[in-house]
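Please have the sequence and the structure open while reading.

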Amino acid sequence: MGESTGEEAFRSGLEQQLGRSLSDCEYAAHAQRLRRKQRAVERMRRWETDLMVTEPATLGTLLEPWATSR
Amino acid sequence: MKVTPFQSISELGAELRSGLSPTEVTEACLARINHLDPALNAFIAVTPELARSQARTAADELAIGRDRGPLHGVPVALKDLLATKGIATTFASRAYADWVPDFDATVVERLQAAGAVIVGKTNLSEGAADSSSVSSAFGPPRNPWDPAYITGGSSGGSAAAVAAGMAYAAIGSDTAMSIRQPSALCGLVGLKPTYGRVSKFGAMALSFSLDHLGPMTRCVADAALVLAAIAGPDDRDPTSAAAPVPDLGRLRPPSEMRIGLSREWLCDELDADIALVFEAALDTLSNAGARITESSLPHLEDLYHLGSIITAVEGAAYHNARYDEVPERFGVGLGALVESGRTYSGVDYVQAQRVRRHLVERVMQQLSQFDVWIAPTTSKLACRIDDDEPSLVIPRMRNTLPFNVIGVPAVSVPGGFDQRGLPVGIQFIGQPFAERELLGMARFFESLMPKLDYPDRMAS
């Protein structure tokens, strides 16, 4: 019961965010993306403190992992 | 002379220089496509007129002693995200189905300059954005080993075309898994080269900083031949690397055959049959003299999550204007990618790229301890097409996406079969721009395995 209510709330929140109702198929695709986003951003944030001290990256190097070997 | 559909490119090349005509080989491939593709759906478009014209040219040139090299007269297929002059390039999407480029992608130009014959454009996931190819607007390609099962994705049609003997090689693209995972599920060799090794000019994008183009073939030597033809710098792609392309003609494993094995993350959630095949592969290599050392590749889980952020945002940026114009023409999965990507903040994206740089430096310190690392290509076996669902993308790409984020080369090689008789792949990961050593190790492993007996559905 609790799980179902949580899922319904999650779906409702997602539909509110997108501004439209979703079919089951659309919901499955969006829910999968949203859950991945939440996990990924949370995981990334763990590194932000490190970055402030050590990482002076510029856009020129961001997109080219092997820029230094070119 | 009789055409043998599953022979290697070098075996075919020897016959093409001993009297077999490129036109005979091309007609044989077109006949196989005609017969097999209604069931396999590997191709979005077949290009018989172009193929016949190129085959005639190849034959005429060989007749006067003009030999363009190993791919001369060899039928190949192109993932339908590569621009082809005068031929619709669809991205397997109704949103792009009407686009007819007036230019060829660099890899297409290079294949044609090498004498290859283009037999068609292959099916894929819509926008290269799912892991099974089931989302294609043209219907799913089917696995030649059992058509009830997925090919994997996103280069699923390329995999089916080569595994069914409808082409001798295909070009795929790989943002998270998309050359290696379908190659694993269809029993092929699939190489994701180093980021920048192969120009992406003219390739429709999923994620600019994670996309790679590479070959899908039935043996390692063929992958090397195709890579040699398409690799090298290109002024039209600012991310293409200036690094010289090594001689890929003679593949040998690194002399000490030291292989790193990191079980954390890469072996955490394997399907049971994949674990069995992987352990057997480790035993086979060890018994043949390879020195496999358990070590640790740190931060792969972090890299995996960074890859998810970067793909979503760069994918949304690529499709942004088109999605505003014709949202109804986007399938559910690709539409969700765009809408999800739009919800990340600019800070999220820049931080993801900064953390990426930071962690890649750390991982490389460990990765450089061994010439080659080994892992299962994917943690999930092929499922039936009817059982595919969006959440399966996560286990399917966990073993491959981190190496797109790092940018190092990686190749999937057939390693055995599951209990249903479907192929399982073994992944080797190499050093930046060291495709020669990587393919040398892959070739060594291939030489220890029984030769694959591809299912010839022409006979059934």
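At what angle do helix 2 of chain A and helix 11 of chain B pack, and how far apart are their axes?

## Basis of the report

This is a predicted model, in which local features need pLDDT of at least 70 and side-chain atom pairs count only at pLDDT 80 or more, while totals for chains, interfaces and linings use all residues. Residues are numbered from 1 along each chain as its sequence is written, chains are lettered from A and ligands numbered from 1 in the order in which they are written, and side-chain values use heavy atoms, with hydrogens and water left out.

## Helix 2 of chain A and helix 11 of chain B

Helix 2 (residues 24-45) of chain A packs against helix 11 (residues 346-367) of chain B at about 55°, and the axes are 10 Å apart. Helix 2 of chain A is therefore oblique to helix 11 of chain B (angles under 35 degrees count as roughly parallel, over 145 as roughly antiparallel, 65 to 115 as roughly perpendicular and the rest as oblique). Helices here are DSSP runs (H or I, at least four residues), numbered from the N terminus. Axes are lines fitted to C-alpha atoms over the stretch in contact, and angles run from 0 to 180 degrees between N-to-C directions.

On the chain A side, Val41(A), Met44(A) and Arg45(A) take part; they meet Asp348(B), Gln351(B), Ala352(B) and Val355(B). Contact means heavy atoms within 4.5 Å.

## Helix 2 of chain A and helix 9 of chain B

The axes of helix 2 of chain A and helix 9 of chain B come within 9 Å and cross at roughly 125°. This angle therefore makes helix 2 of chain A oblique to helix 9 of chain B. Residues in the contact include Arg36(A) and Arg39(A) from helix 2 of chain A, and Glu301(B) and Asp302(B) from helix 9 of chain B.

## Helices 9 and 10 of chain B

Within chain B, helix 9 (residues 300-325) and helix 10 (residues 332-343) pack at about 110°, with axes 7 Å apart. The two helices are therefore roughly perpendicular to each other.

## The interface as a whole

In total, 33 residues of chain A are in contact with 48 residues of chain B. About 3,800 Å² is buried between the chains, and carbon and sulfur atoms give 61% of this area. Buried area is the accessible area (1.4 Å probe) that two parts lose on being put together, summed over both.

There are 5 salt bridges between chain B and chain A (a side-chain nitrogen of Lys or Arg within 4 Å of a carboxyl oxygen of Asp or Glu). The side chains of Arg20(A) and Glu339(B) meet in a salt bridge, with 3.0 Å from N to O.
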